[in-house]
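Have the sequence and the 3D view ready.

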Amino acid sequence: MTDNKNRIVVQHALGEPAHALRVDREDVPEPGPGEVLVELVMAPINPAELLMLRGQYGYRDTVPPVPRRTGVEGVGRVVAGASDAIPEGTSVLLSGLPPVMADYRVAPADRLVPLPPGAVAEQVAVSFINLQCVLLNLRHPSLRAGGWLIQNAANSAYGRAVDKVAHRQGYRVINVVRSRQAAAEIADASGPVLLGGPDLRQQVLEVTGGVEPTLALDAVGGESTGHLADTLAAGSTVLTYGLLSGQPCSVDTRLVVFRGITLTGFWLPKARAETSPDLLSQISREALELAAQGVAAVPVAAQYGLDEAVRAFEHADRSGRNGKIVVVR
């Protein structure tokens with residue numbers, strides 16, 4: 001059974017959550033041939049969502065227009081239009097089928113991926129996209145078997161996933177954070193945890209025995225990008241995927257000219273488009289299995305109902321929280 005109205009979290013303007021967001025209501029959609037009706041179980045608020053609120057996600061023609069329905073990943077439950085392949089009550093992955101922050105949505109049955117038996121819906125909802133990105137990043141040609149990579153924002157959900165998955169694949173990870181409090185949050189990290197700063201190269205060489213990493217994953221930008229680049233072996237790559245500082249990446253030109261350091265970007269939609277369908281399917285299956293196993297478990301700091309979506313986004317926008325903010329039906 002479904003309710004008469006479908007609540008949908010919609011961004012109507014650019015700005016802070018209270019100004020930009022509204023919970024709209026419309027009729028519950030009806031599934032057509034080959035479609036099912038899925039009700040929301042849980043959707044996390046990812047950093048990309050917060051950037052979209054302010055028009056800072058994308059560049060020129062890739063900036064999402066408003067109004068925009070929110071939610072890029074999550075878990076749902078089939079409630080109508082079920083088939084033998086996807087029976088009613090099946091928990092399914094909603095990643096790749098945005099927008100998901102609504103009571104109900106219609107989806108093509110052949111694009112739905114059921115959760116593995118025993119999977120914890122919360123962990124799949126908050127970690128699948130991160131794990132898919134990590135698996136793609138770890139295929140970068142700069143990485144060497146058994147070698148070192150370095151990352152900043154290591155206490156983030158993404159950073160935790162990098163540490164755990166890279167360790168499973170035989171790589172060694174240097175985790176860089178901004179404070180001792182952040183370091184304490186990832187005391188269980190597989191690799192060493194260092195405080196970022198101008199002396200980062202010296203710290204890295206001390207923990208690696210003089211070995212330079214060959215890949216850096218940068219979520220911060222600004223001076224932090226340059227600090228990571230300074231630790232790398234000649235001919236290595238800084239892969240930038242985040243904009244946490246809000247500042248342009250700053251890398252010493254001498255590193256580029258005389259050391260051959262490359263600065264490039266990672267954006268999941270572009271990476272998906274450039275990856276063969278077979279490989280992408282393989283990576284997605286692996287990401288789902290890792291999420292189901294809780295390999296890179298992500299703490300959930302708070303849950304909010306759809307009617308409290310504005311408060312949820314405000315909470316997600318605050319610094320100092322330890323865990324994801326999620327929206328539930």
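In helix H3, Gln123, Val124, Ser127, Phe128, Leu131, Gln132, Leu135 and Leu136 touch Leu280, Ile283, Ser284, Glu286, Ala287, Leu288, Leu290, Ala291 and Ala292 of helix H10 (contact means heavy atoms within 4.5 Å; helices are DSSP runs of H or I with at least four residues, strands are E runs of at least two, both numbered from the N terminus). This is a predicted model, where local features need pLDDT of at least 70 and side-chain atom pairs count only at pLDDT 80 or more, while totals for chains, interfaces and linings use all residues. Residues are numbered from 1 along each chain as its sequence is written, and side-chain values use heavy atoms, leaving out hydrogens and water.

**The helix pair**
- The axes of H3 (residues 121–137) and H10 (residues 277–293) come within 8 Å and cross at roughly 135° (axes are lines fitted to C-alpha atoms, for helices over the stretch in contact, and angles run from 0 to 180 degrees between N-to-C directions).

**The sheet**
- Three strands make an open sheet in the order S2-S1-S4, with antiparallel pairing (two strands pair if DSSP finds at least two bridges between them).
- Strands S2 (21–27) and S4 (68–69) are the edges, each pairing on one side only.
- Strand S1 (residues 5–11) pairs with S2 over seven bridges, in the antiparallel sense.
- Lysine 5 has aspartate 27 in S2 as its bridge partner.
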